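Please examine the sequence together with the model below. The paragraphs that follow lead from a single side chain to the pairing of the strands.

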Amino acid sequence: MVARTSREAIEMKIEIREQKIQNINGTSNKTGKAFSMNKQEGWLHTANQPYPIRIEITLDDHATNGFLPGMYELMEESFYVNRFGQLQVGTLKLRDLKQLQKSAA
């Protein structure tokens, strides 16, 4: 792993290759209640890795279609501070880089 200076930001992009989603459902062992969630495959690109890393993205409860193929960046809403004051990653909120480039033009 390469050390970063304090002025460097972490550069990462998420690539979606297919709009295909996988539904996972069942009954919680803890609560006995039924659950259902949708996941989508993505690929994490970082500046220091020569190849993208496969990731699973848990979609919002109301998402039925998944993200369209393309390159995305993480939005600030993907992060939150928990009740202990710790920074955590929640459900990933992604911004399409093509849309971002169009609005900047």
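This is a predicted model: local features need pLDDT of at least 70, side-chain atom pairs count only at pLDDT 80 or more; totals for chains, interfaces and linings use all residues.

**From a surface patch to the paired strands**

Phenylalanine 79 belongs to strand 6. Together with Val81, Leu87 and Val89, Phe79 makes a nonpolar surface patch of about 400 Å². Two elements, strand 6 (79-81) and strand 7 (87-89), each give two or more residues to this nonpolar patch.

Arginine 95 is located in strand 8, which covers residues 94-96. With a relative accessible area of 32%, arginine 95 is likewise partly exposed. Arginine 95 and isoleucine 14 are separated by 81 residues in sequence, yet their C-alpha atoms lie 9.6 Å apart in space.

Opposite isoleucine 14 stands leucine 44 of strand 3. Strand 1 (residues 12-16) and strand 3 (residues 34-46) run antiparallel and are joined by 4 bridges.

Strand 3 also pairs with strand 2 (residues 21-27), in the antiparallel sense and over 7 bridges. Here threonine 27 has alanine 34 in strand 3 as its bridge partner. The hairpin of strand 2 and strand 3 has 6 residues between the strands, and in this hairpin glycine 32 adopts a positive phi near 80°.

Strand 4 (residues 53-58) runs antiparallel to strand 3, with 6 bridges joining the two. Glycine 42 faces isoleucine 55 of strand 4. Strand 3 and strand 4 form a hairpin, with 6 residues between them.

Key
Residues are numbered from 1 along each chain as its sequence is written. Side-chain values use heavy atoms; hydrogens and water are left out. Patches are made of residues with over 30% relative accessible area and no salt bridge: like charges are joined within 9 Å, nonpolar side chains (Val, Leu, Ile, Met, Phe, Trp, Tyr) within 5 Å. Accessible areas come from the Shrake-Rupley method with a 1.4 Å probe; for residues, only the protein chains shown count as cover. A salt bridge is a side-chain nitrogen of Lys or Arg within 4 Å of a carboxyl oxygen of Asp or Glu. Buried means under 20% relative accessible area, exposed over 50%, partly exposed in between (1.4 Å probe, protein chains only). Two strands pair if DSSP finds at least two bridges between them.
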